[in-house]
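Colleague: I'd like a close look at one part of this model, the metal site. Could you walk me through what holds it and what sits around it?

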Amino acid sequence: MPLKSDGGQPLPDAAPMPAPPSAPTSFQPVSAFDLPRYAGLPSFMRLPYLGLDDAATAEVDIAIVGVPWDGGTTNRPGTRHGPRQLRDLSTMIRPVHPVSGVNPFTLRNVADLGDSPVNPADVADALDRIAGFYGKLTSRGITPLSAGGDHLVSYPILKALGADAPLAMIHFDAHTDLFDSYFGGFKYTHGTPFRRAIEDGYLDPRRVVQIGIRGTMYDGADVAWGLEQGVRIIRIEEVEDRGIDSVMAEARSIVGDHPTYLSFDIDAIDPAFAPGTGTPEVGGLTTREAQRMVRLLSGLNLVGADLVEVSPPFDPSGGTAWVGISMMFELLCLLATSPATLRRKA
Ligand code: MN
Ligand code: MN
């Protein structure tokens with residue numbers, strides 16, 4: 001029996017936050033010159049908040065979406081709280097990219113579409129709910145930029161985005177997330193999303209590049225399986241030896257102009273900069289290196305992106321969430337200049 005509101009009406013089932021009374025026609029962030037950046041309701045990037053149906057009517061091109069779920073976490077939890085803290089800190093983001101000069105909010109209609117439905121107590125049901133929500137986004141022609149959540153959330157997102165044809169992917173992470181199973185055959189954890197996505201045909205492994213891999217290992221079975229499938233695994237030592245420009249040029253050549261997903265696990269960045277995550281590994285990227293690497297991906301045919309694994313309980317200063325949302329702005333600028341999001345505003 002659903003809960004009743006004060007007026008006796010059943011509350012909507014598994015809906016995101018309620019939409020404002022009228023859908024906005026402007027997609028500009030609230031100006032810091034009208035209202036200070038620390039004030040007001042914290043939507044992503046201070047953008048208008050829309051429900052899914054209003055977003056289609058209003059011709060949203062890019063939706064920023066939270067996935068407040070960490071049911072795939074095998075170690076230290078808490079990323080279910082990521083979207084709320086990322087939203088809060090996102091109010092400090094200004095609208096213009098400092099290097100490219102891109103203002104994503106003048107190139108595309110961008111809005112905060114709230115949080116995906118989730119089920120914190122049932123993994124399979126959560127995956128179904130998330131995939132269903134993203135299926136509705138893609139059927140409306142809306143490109144998602146997502147905030148996790150643990151890395152298993154990428155799997156139902158890819159299930160929706162890669163339903164028709166396998167995608168290419170550029171994946172920043174300390175870990176391959178290509179394990180087969182945990183705990184005696186359990187197949188769905190944040191260590192397995194890309195193994196499942198390859199097996200299910202949502203990713204083309206010959207067009208998958210993983211960058212920043214490091215850390216102590218169990219047995220290397222994840223790496224071995226990935227290499228067998230044709231995944232290009234670029235360890236952090238190779239990044240250091242070859243340099244960022246060379247590595248990113250190779251990554252670009254592997255995905256080419258194929259429809260490509262970009263997944264960024266915050267633990268790709270060194271815990272000196274981003275300690276607020278469940279599975280930190282020393283010897284990672286600096287924030288400056290990460291920014292440079294992502295900026296070198298401009299012009300790719302990106303169909304979606306995510307930033308995952310920020311865990312606010314391990315981030316009391318908010319510093320890791322600040323790194324995370326700063327990287328999300330970099331991803332947003334890539335999406336706003338991707339040919340895949342030109343659909344409505346060519
Ligand atoms: Mn990961
Ligand atoms: Mn990781």
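**The metal site and its surroundings**

Modeller: Let's start with the manganese ion (ligand 2), which is coordinated by Asp173 (OD), His175 (ND1), Asp265 (OD), Asp267 (OD) and Asp267 (OD), at 2.1 to 2.5 Å. Donors here are N, O and S atoms within 2.8 Å of the metal (3.2 Å for Na, K and Ca), and because water is not among the atoms, sites may look incomplete. Bear in mind that this is a predicted model: local features need pLDDT of at least 70, side-chain atom pairs count only at pLDDT 80 or more, and totals for chains, interfaces and linings use all residues. As for bookkeeping, residues are numbered from 1 along each chain as its sequence is written, chains are lettered from A and ligands numbered from 1 in the order written, and side-chain values use heavy atoms, with hydrogens and water left out.

Along the sequence, the donor residues of ligand 2 follow the spacing D-x1-H-x89-D-x1-D. The other metal, the manganese ion (ligand 1), is held by His151 (ND1), Asp173 (OD), Asp177 (OD) and Asp265 (OD), at 2.1 to 2.2 Å. Its donor residues are spaced H-x21-D-x3-D-x87-D. The two manganese ions lie 3.2 Å apart, and Asp173 bridges them. The pair also links distant parts of the chain: His151 sits in the loop between β3 (143-148) and α5 (154-161), while Asp177, 26 residues away, is in the loop between β4 (167-172) and α6 (193-199). Those labels are DSSP runs numbered from the N terminus, with helices (H or I) of at least four residues and strands (E) of at least two.

Are these ligand side chains on the surface or tucked in? His151 counts as buried at 0% relative accessibility, and so does Asp177 at 5%. Asp265 is buried too, at 2%, as is Asp267 at 3%. "Buried" means under 20% relative accessible area, with exposed over 50% and partly exposed in between (1.4 Å probe, protein chains only).

Next, Pro193, which lies in helix α6. Pro193 is buried, with a relative accessible area of 0%. Leaving aside neighbours within four places in sequence, Pro193 is in contact with His151, Leu152, Tyr155 and Asp177, where contact means heavy atoms within 4.5 Å. Pro193 and His175 are 18 residues apart in sequence, with their C-alpha atoms 11 Å apart in space.

Now to Phe172. The largest nonpolar core has 54 residues, and Met45, Phe172, Ile211 and Phe264 have the most contacts inside it. A core of this sort is a set of buried Ala, Val, Leu, Ile, Met, Phe, Trp, Tyr and Cys residues joined through side-chain atoms within 4.5 Å. Helix α11 (residues 319-336) gives the most to this core, with 12 residues. Beyond four places in sequence, the contacts of Phe172 include Ile211, Phe264 and Asp265.

Another histidine, His97, lies in the loop between α2 (82-90) and α3 (104-107). His97 is buried, with a relative accessible area of 4%. Its side chain reaches the backbone nitrogen of Val99 at 3.1 Å and that of Ser100 at 3.2 Å. Not counting residues up to four places away, His97 touches Val102, Arg295, Phe329, Glu330 and Cys333. In helix α2, seven of the nine residues are buried. The buried residues of α2 pack against β1 (62-67), β2 (110-115), β3, β8 (302-308) and α11.

Stepping back, the protein has 11 helices and eight strands. Its radius of gyration is 19 Å, close to the 20 Å that the globule rule gives for 346 residues, so it is as compact as a globular protein of that length. That radius is taken over C-alpha atoms, and the rule is 2.2 Å times the number of residues to the power 0.38. Of the 346 residues, 54% count as buried. Among contacts with a separation of 6 or more, 77% come from residues 24 or more positions apart.

Definitions and conventions:
Polar contact = N/O pair within 3.5 Å; in protein donor to acceptor, adjacent residues only side chain to side chain.
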